[in-house]
Amino acid sequence: MSAPEQPAAWSPAPHRFPQAGLPTQVRVYEVGPRDGLQAETEVIPTAAKVEFIERLVAAGVGTVELTSFVSPRWIPQLADAEQLMAQVSLPDEVRAVVLVPNLRGLDRAIAAGATEVAVFVSATEEFAKRNLNTTIAGAVSAAVEVATAARAAGLPVRGYISMCFGDPWEGSVPVERVADLARELLDGGCTSLSLGDTIGVATPGHVRALLAAVQARGVDVDQVAMHFHDTYGQALANVYAALTAGVTEFDSAAGGLGRCPYAKGATGNLATEDLVWMLHGLGIETGIDLNSLADASAWMADRIGHASPSRVVTALLSSRRSASHQT
Ligand code: MG
């Protein structure tokens with residue numbers, strides 16, 4: 001048997017089949033430059049990060065988390081936050097966000113020209129203790145302190161909640177606890193939330209149950225983004241479940257950047273290309289050009305020294321390669 005024949009110039013794209021009851025537009029919140037790169041061991045030069053961000057924006061990414069103003073001792077990969085902010089050039093309509101852990105980080109972010117900040121808390125005590133060196137309550141009061149100061153400075157504030165579905169020490173996380181934290185963060189000054197499945201254990205029924213619990217605490221679905229990890233292959237099913245509940249903002253990382261620190265060798269962040277392929281197939285607008293995005297991810301993959309784990313990036317690049325070999 002010979003190798004299967006392929007068309008000479010094949011440019012695969014999702015076939016559009018819009019579904020009643022789903023949003024017609026979704027905001028893709030790109031976390032690759034921050035959440036993705038901070039999990040990568042190869043330290044990337046500032047100029048390459050800047051070029052990566054500008055390539056993402058050129059591909060149509062309209063919302064991007066640029067970096068984090070944490071102590072350089074915590075995360076050496078993001079020690080260049082000031083330099084990056086000074087060098088990156090973005091169109092006015094791009095929503096650019098930076099992560100800040102405390103008031104010192106907020107001061108640095110504002111001095112660097114940040115226009116939106118993100119704060120973070122944990123839904124489990126063990127993660128709060130091990131990763132944030134505090135308690136759930138301690139993390140909430142620190143986040144509220146930062147959110148209050150940021151709002152006084154006129155900045156919107158995104159509140160991340162980590163470990164919303166389960167964590168490696170405590171197992172399944174009660175949805176009511178996450179709902180209470182969501183309420184506390186909004187009451188404390190956050191203007192939007194991102195509910196994170198940090199270890200990728202969520203399944204679609206759990207997603208619907210969590211969103212119902214959050215809405216029962218008076219949180220509008222428009223204030224909530226979902227942040228899924230693809231560790232167990234559930235991320236897109238979870239996105240679909242959240243779409244049916246009316247969620248219109250999803251976090252993802254170009255090329256699936258960012259390994260999973262809780263399962264060595266496993267995938268972390270949902271790849272933006274995988275997300276966008278499904279959304280476009282559902283007739284949902286994102287403003288993103290998949291081929292340009294995959295090129296940006298491939299470009300960064302060369303710099304971090306390992307291939308993108310994204311199925312869509314892999315398929316798009318290999319179909320292009322096999323097409324070019326025939327011409
Ligand atoms: Mg993540």
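The largest pocket in this predicted model has a volume of about 1000 Å³. Its lining is made up of 39 residues. A magnesium ion is held by four residues, Asp 35, His 227, His 229 and Asn 269. A search of the whole structure also finds one cavity of 30 Å³ or more.

**Largest pocket**

- Of the lining residues, Arg 34, Asp 35, Gln 38, Asn 131 and Pro 261 lie nearest the centre of the pocket.
- Sorted by class, the pocket lining has 18 nonpolar, 17 polar and four charged residues.

**Magnesium site**

- The coordinating atoms are OD of Asp 35, NE2 of His 227, NE2 of His 229 and OD1 of Asn 269, at 2.1 to 2.2 Å from the magnesium ion.
- Along the chain, these donors follow the spacing D-x191-H-x1-H-x39-N.
- Asp 35 belongs to helix α1 and His 227 to strand β9 (residues 224–227), so this pair ties together parts that are 192 residues apart in sequence.
- Asp 35 is also among the residues that lie nearest the centre of the largest pocket.

**Helices α10 and α11**

- Helix α10 covers residues 272–281 and helix α11 covers residues 290–304.
- The two helices pack at an angle of about 170°, and their axes are 10 Å apart.
- Angles over 145 degrees count as roughly antiparallel, and α10 and α11 are therefore roughly antiparallel to each other.
- On the α10 side, the contact is made by Thr 272, Glu 273, Val 276 and Trp 277.
- On the α11 side, Leu 290, Leu 293, Ala 294 and Ser 297 make the contact.
- By class, this contact has five nonpolar, two polar and one charged residues.

**Largest cavity**

- The largest cavity holds about 60 Å³ of space.
- Its lining includes Glu 40, the stretch Ala 254, Gly 255, Gly 256 and Leu 257, and also His 306, Ala 307, Ser 308 and Pro 309.
- Ser 297, Ala 301 and Ile 304 line this cavity too, and Ser 297 also takes part in the contact of α11 with α10.

Terms used:
Residues numbered from 1 in each chain as written. Predicted model: local features only at pLDDT ≥ 70, side-chain atom pairs only at ≥ 80, totals over all residues. Heavy atoms only, no water. 1 Å grid on protein atoms, 1.4 Å probe; cavity = no way out; pocket = protein on both sides within 12 Å on 5 of 7 lines; lining within 4 Å. Points joined across faces, edges and corners; volume = space filled by probe spheres on them. Nonpolar A, V, L, I, M, F, W, Y, C, P; charged D, E, K, R; others polar. Axes fitted to C-alpha atoms, helices over the stretch in contact; angles between N-to-C directions. Helix = DSSP H or I, 4+ residues; strand = E, 2+ residues; numbered from the N terminus. Parallel < 35°, antiparallel > 145°, perpendicular 65-115°, else oblique. Contact = heavy atoms within 4.5 Å. Donors = N, O, S within 2.8 Å, 3.2 Å for Na, K, Ca; no water.
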